[in-house]
Amino acid sequence: MKNKQKGFTIAELLIVVAIIGVMVAVSIPIFSSKLHKAKVAVDWANVRAYYAELQMDYITTGKKNPSVNTEWHSDPTYDWNALTLLNGTKIKLKAGICAVSFKEGTGYSLVYECNKIVGGEPECHLSLPMK
């Protein structure tokens, strides 16, 4: 009578573990890059919605809303990392900073830059209105 043994050898298990390790090592940088892009996409959507809200208010009233802080160049308490909606709700930016400016006659403009620096420059930049 022959006794057949079923199962894997230790060498086969080590090869499988090594293959899984290589797959994980390759996927981590890809996942990290995609995560950053997703955060930037969320920020861009929020900045565009905020810009639309500010411009709508300006078009409706014809003047700058006093609750919108545009003094980023001189106000040390300016919050670069959040957008404050006109109803007072704060939206925290996930991957960057934003500055709001106002010019009489044209309205508001926003500039967003992400925190990831490539070659001395931010990897992603958004200016509204785009010129």
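The model is predicted. The chain contains 1 helix and 7 strands, and their order along the sequence is α-β-β-β-β-β-β-β. Its radius of gyration is 25 Å, whereas a compact globule of 131 residues would have one near 14 Å.

**Overall shape and surface**

- Along the principal axes, the C-alpha trace spans about 95 × 30 × 30 Å.
- The chain has 131 residues, and 24% of them count as buried.
- The accessible surface of the chain is about 9,500 Å². Carbon and sulfur atoms account for 65% of that surface.
- Among contacts with a separation of 6 or more, 47% are between residues 24 or more positions apart.

**The largest nonpolar core**

- The largest nonpolar core has 22 residues. Those touching the most other members are Val47, Tyr50, Leu54, Val100, Tyr108, Leu110 and Tyr112.
- At least two residues of this core come from each of α1, β3 (96–103), β4 (107–114) and β7 (125–128).
- Helix α1 makes the biggest contribution to this core, with 6 residues.
- Tyr50 touches Val68, Leu83, Thr84, Leu85, Val100 and Leu110, when residues up to four places away in sequence are not counted.

**Thr70, a residue in a loop**

- Thr70 lies in the loop between α1 (10–61) and β1 (82–84).
- Is Thr70 buried or exposed? Its relative accessibility is 8%, and buried means under 20%, so Thr70 counts as buried.
- Which residues does Thr70 contact, leaving aside neighbours within four places in sequence? They are Lys64, Val100, Ser101, Phe102 and Tyr108.
- Two of these contacts, Val100 and Tyr108, are also among the core residues that touch the most other members.

- Ile10 is part of helix α1.
- Ile10 has a relative accessible area of 63%, and the cut-off for exposed is over 50%, so Ile10 is exposed.
- Ile10 also belongs to a nonpolar surface patch, together with Phe8, Leu13 and Leu14. The patch covers about 480 Å².

Conventions. Residues numbered from 1 in each chain as written. Predicted model: local features only at pLDDT ≥ 70, side-chain atom pairs only at ≥ 80, totals over all residues. Heavy atoms only, no water. Helix = DSSP H or I, 4+ residues; strand = E, 2+ residues; numbered from the N terminus. Buried < 20%, exposed > 50% of the residue type's maximum accessible area, 1.4 Å probe, protein only. Contact = heavy atoms within 4.5 Å. Core = buried A, V, L, I, M, F, W, Y, C linked by side-chain atoms within 4.5 Å. Patch = residues over 30% accessible without salt bridge, like charges linked within 9 Å, V, L, I, M, F, W, Y side chains within 5 Å. Areas by Shrake-Rupley, 256 points an atom, 1.4 Å probe, with all protein chains shown as cover. Salt bridge = Lys/Arg side-chain N within 4 Å of Asp/Glu carboxyl O. Rg over C-alpha atoms; globule rule 2.2 N^0.38 Å.
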